[in-house]
Amino acid sequence: MKKLLSTLLAATLLLSLVAVPALAEAPNGTYTMFMRSTYIDWIKELKWYDEAETRTGIHVDYVYGPEEFADCYAEVDQRILSNTLTDAVMTKLTQTNVYGPDGVFADLAPYIEKYAPNIKAYIEENPAYKALVTNDKGAIYGLCKETPIFADLIGYRVDHFEKAGIDPEKVITVKDFTEALRTLKAYWGKDNPNYYPLTGRDSALRFAAWFSCPATISTEESNGVYIGHYKDGSFDILNDNAYTMIETMKTWYDEDLINPEWVAGTFSEGDWEAAMLNGNGSIFYDYYTRAQWFMVNGGPANDPDFKMGVLNFLKNEDGSVIPVTSSMPYNDEVVTAINAKASEETIKTILTFLDYFYSEEGQILANYGVENVSFKVDEQGEKVFIVDYNQEEATPAGEKRWSFLSDRLTVCKPVDDEAFFKWNDALIAEAASRLFTEDNMITAYAIKLTDEQSMELSNLIASVYDAEVAGMTAFITGSSELTNDSWKAFQEQMNNLGLRRIEEIQLEAFRAQYAE
Amino acid sequence: MKAMSSHPAANKRTLWERIMRDIKRNRQLYLLIIPGFLLLVLFKIGPVGAMVIAFQNFRASRGLWGSQWVGITNFERIINDPYILTLTKNTVILAVLSVVVVFPIPIIFALFLNEVKSKRLHGFIQSMSFLPYFISAAVMVSILSTLLSPSSGLVNNLIRASGGKSINFMSQPEWFRPLYVLLEIWQTFGYSAIIYIAAMTAIDPALYEAAEMDGANRWKKMWHITLPSIATSVIVMLIISVGNIFTVNLDRILIMYNPSTYSTADVIQTYVYRIAFQSKGFPDYSYSAAVNVLKSVIAFILVMGVNKIADKAADARLF
Amino acid sequence: MLNYSHHKHHRLSLFDGVNELFLLLVSLLCVYPFLYVFFVACSDGASLALGQVTFLPKGFQLLSFQYIFDNPRFNVGTGLINSFLYTLGGTAVALFVTYITAFVLSRKRFVHRHWIMRLFIITWVFDAGIIPQYIIYNAFSFVDNPLVMIIPGAINTQFLIIARTFLLGIPDELEEAAFIDGASDLQILFRVFLPLSTTILATVGTFYAVSIWNQYLIPQIYLKSDKYRTIQQVLKNVVVTDGASDTTFVNVTVGDVTLNQHNLKAAAIFVTMLPIVLVYPFVQKYFKKGVLLGSVKG
């Protein structure tokens, strides 16, 4: 008898072990999704995400992809080949455009009609988005996520300016900027041979917009290599102003106003950070959160006077604002697509989950969190965060936190720009609200390419773009002599390598998509 | 192997019968070769066969059999590319340097290490020499950058102390190749030397004693005893080196190169990497396969050439 | 000149002195990068960020290692165990298969040795690339299968060539003597050749072990489940920075010590390097002096 009881007990225990997880399974469905590992790690730490799964009753099993984007896309290809594609994947627009009609990804248009009213509304309200994700047959093979629109900001050492006697409000034009650099160099570079006022990392060719010669695109013209370089490393060497840009940068270089290692391309992120922290630089033009980063990662600890600020964008001589390059509203590198082999039930689950984030309730959750837990509504009806940005972001890896960094892919969803910039330290939040206006930023467009265009372009860009960078760098550092003739020769050389053809293809693709 | 008899009766044996006879006679050898042969057919010939995607417009969604055949279009793309000449020049120079400069170093190292009498010291030095092989490209280049830093690096400090001006080595195209080769030597000399050191352990000490009695000094012993004894290893390693001639340490180049050094640092492998994997567009596997085909054909011709020379000059052919 | 007794005494000639000194210097230079990684890992984060750590560490802490081992995000234990298993298993299988294949291909009586060798060489020189390889391996269900670390790589053509060359160098007389005694091929292999092959087995074994341990692409492409991951895979994402969206790594503070991304990356690198580096000195003792009677056929 005892034996029977104990066996029963053991069996019950065993059963309960099995049953409990089964009960804990999502009542409204579950699906698998392949994504970049970094993003998955972040999702797993988000408190608002857990809340979303609780509210929708849907659970997503994330499958780890590699860290590098290129490797992720390669893995998508591999999964297709080995038939191990997950229910949903993170892929890129070119892959969805090409593989969709081949039957790898599901055409979401009919399902969105049926199951995703919020997404449907969003598509209708955003014609540019519609043009991007819908192909000429009306099929939708992937959904791009929305990105907040931001630009790089000019971070500067407030204390350096003060001590050198520069009024940041008076730095208005590029000429003023150069003058400020000279003043800083004279003051701080006197006894410090390693001091260069303007510093940065990786590529130094990021000032084209200041000289009105960034890469641009419209239905009329395409200038410069736009694809892949609409924001960072954007320039148009065939523009007349490009010569002025190179001349000015050469002046900076010759007068030691800009870090020469940076111009040569040998200054890494670590080098730049060390330089700023050591006071060997005063100004940079980089990712918008960077000014704050230095404040929190060792600046004041090393030098009690260390203080960062954000300069206004520069203006033309006549006082008009010079718009700068900015991010694309829709990110075509992190597209959510669904496996064509998934059942209708699964597709419904996926779309229901995504649709939640397009609803008003979902948007508040993803951008602000839970009322009275992570944000509150103040007297003016404005939403204000009640959790501290710095504290939350400093949570050790692996632990849960509140975070609303919508530039990352967590889920394909719309972005609340206002919320996004509020979720920042005061320094950046202020700078964002002051500077990220429509006038200040050049609209960026995501361009769809056909298979042939893609192939031809990637070949051309691989040789032309780097050659442009190499050539311009040589002029700035002086290893090539800069004259009108040598510049013209350089432009010719780039055209021979294929620059004009690149512009042609880009224009063609842009027109096909946006000229209605 | 018996010479073919001209006796009519012997010739009447069919090929099949001759094979069966050979199997019977050497059945254990046939047995032993099975695992290796299977590996060869299944895992080595297969992938090489799949290189046919170079003649296709390969798409993962269509697979090997479904992708469109485009003949030599990809090859034309390569040859008509205006940039390809610069790239080829850089690639070839780097390849030649890898054989001419990098190859002899491990041999020289092994020769001198062999002269070390103390077993413990010998073992210690050999173990240490092996270490650089494990250091990743990222770490090595980072150390090199620190060493060569124009502002704070050791080398430039010395240059400035002797009155010169700092040189930003990592940004000078003319320094790229020497630095790349230096790192290559550094990271592989201990590893490659293992073969020669192992071969040297088989040299009969009596030979040295005999030479000592004849009054030979260290250099003579090295030249007349040690070196010839490892001649086979040297030739084999040379052929292997030639087979690998177009293999570059892609990681290292990708980390080392920057716009200022593209003129010497950009090689076909990095170019293909940019096209096939970094582009915004489509991962272009057919293109990189086509480049691989070209690279492999050239490398193979070179290997056959070296093999023939080794055969004629030293009777030491590989195949 | 009858002074050959000198060579028995350990008299330090000028040649020896200079040679040994030089080689020692080279060895120390070889160790240094390895130590440098360790120094970076245990330096104080703040000093690192300021670029103050060049040759020697500044500050000392082992917390960066603790962070890696304790962090719930990575499973260092699994990674290390997997890497060990793959390396041990893979090396054993590879040594066995390579050795017997090299043996057969070095026997003149095996009529097929030339064309088979040629095939090996062709398939080695013709570098197929990742996708063609994937197409084939997929057909053999190697995707997400730990055997992918052991079976396809069981013969590395370069190592096969080396082993075969070695076996070719063993004098024919030894084999003939065994034949006369009536030994079969298998008996010759195991009784005559194997005892003579400790050096080559140690050499090729080391090469295989190192190559399997350092494998990066194969695990990345084929090993998907967490439970199969190698230590390199586990530690690749130690520092989650995102160049693309530039949400940079915020320094970690453990106790009152600041750890930044350089500390952690270096600690991760060190942990992946250390085990295999420790193997080599153990293998060295198998590099015995030659057991052959005559010199190796040159």
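Which loop of chain B holds Q172(B)? Q172(B) sits in the loop that links α10 (154-161) to α11 (173-200) of chain B. The legends below describe a predicted model.

**View 1. Q172(B) is a loop residue of chain B.** Is Q172(B) buried or partly exposed? Q172(B) has 17 C-beta neighbours inside 10 Å, so Q172(B) counts as partly exposed. A residue needs 20 or more such neighbours to count as buried, and 12 or fewer to count as exposed. Now find S286(B), which is 114 residues away from Q172(B) along the chain. The C-alpha atoms of the two residues are separated by 34 Å.

**View 2. Chain B has 18 helices and 2 strands.** Chain B has 319 residues, and buried residues make up 42% of them. The radius of gyration of chain B is 26 Å. A compact globule of 319 residues would have a value near 20 Å. Along the principal axes, the C-alpha atoms of chain B fill a box of roughly 90 × 75 × 30 Å. Next, look at contacts between residues at least 6 apart in the sequence of chain B. Of these contacts, 65% join residues at least 24 apart.

**View 3. Chain B touches chain C.** How many residues of each chain are in contact? The contact involves 78 residues of chain B and 79 residues of chain C. Which helix of chain B gives the most to this side? Helix α3 (residues 27-49) of chain B does, with 15 residues. Sorted by class, the side of chain B that touches chain C has 51 nonpolar residues.

**View 4. Chain A has 23 helices and 14 strands.** A compact globule with 516 residues would have a radius of gyration near 24 Å. Chain A has 26 Å, which agrees. The C-alpha atoms of chain A fill a box of roughly 95 × 55 × 50 Å, taken along the principal axes. Buried residues make up 50% of the 516 residues in chain A. Consider the contacts in chain A with a sequence separation of 6 or more. Residues 24 or more positions apart account for 77% of them.

**View 5. Three strands of chain A form an open sheet.** Strands of a sheet pair through backbone hydrogen bonds, either parallel or antiparallel. Here the order is β8-β5-β9 (chain A), and the pairing is antiparallel. Which strands stand at the edges? They are β8 (283-286) and β9 (308-311) of chain A. Each has a single partner strand, so one side of each is left without a neighbour in the sheet. From one strand to the next, the twist averages 30°.

**View 6. Strand β5 (residues 153-157) of chain A pairs with β8(A).** The two strands run antiparallel, and 4 bridges join them. Which residue of β8(A) stands opposite L153(A)? The residue opposite L153(A) is D286(A).

**View 7. Helix α17 (residues 360-367) of chain A has buried residues.** Which residues are they? They are G362(A), L365(A), A366(A) and N367(A). What covers them? The cover includes three helices of chain A: α3 (47-56), α16 (344-358) and α19 (417-422). After α17(A) comes G369(A). The phi of G369(A) is positive, near 100°.

Terms used. Residues numbered from 1 in each chain as written. Chains lettered and ligands numbered in written order. Predicted model: local features only at pLDDT ≥ 70, side-chain atom pairs only at ≥ 80, totals over all residues. Rg over C-alpha atoms; globule rule 2.2 N^0.38 Å. Contact = placed C-beta atoms within 7 Å. Nonpolar A, V, L, I, M, F, W, Y, C, P; charged D, E, K, R; others polar. Pairing = 2+ DSSP bridges. Axes fitted to C-alpha atoms, helices over the stretch in contact; angles between N-to-C directions.
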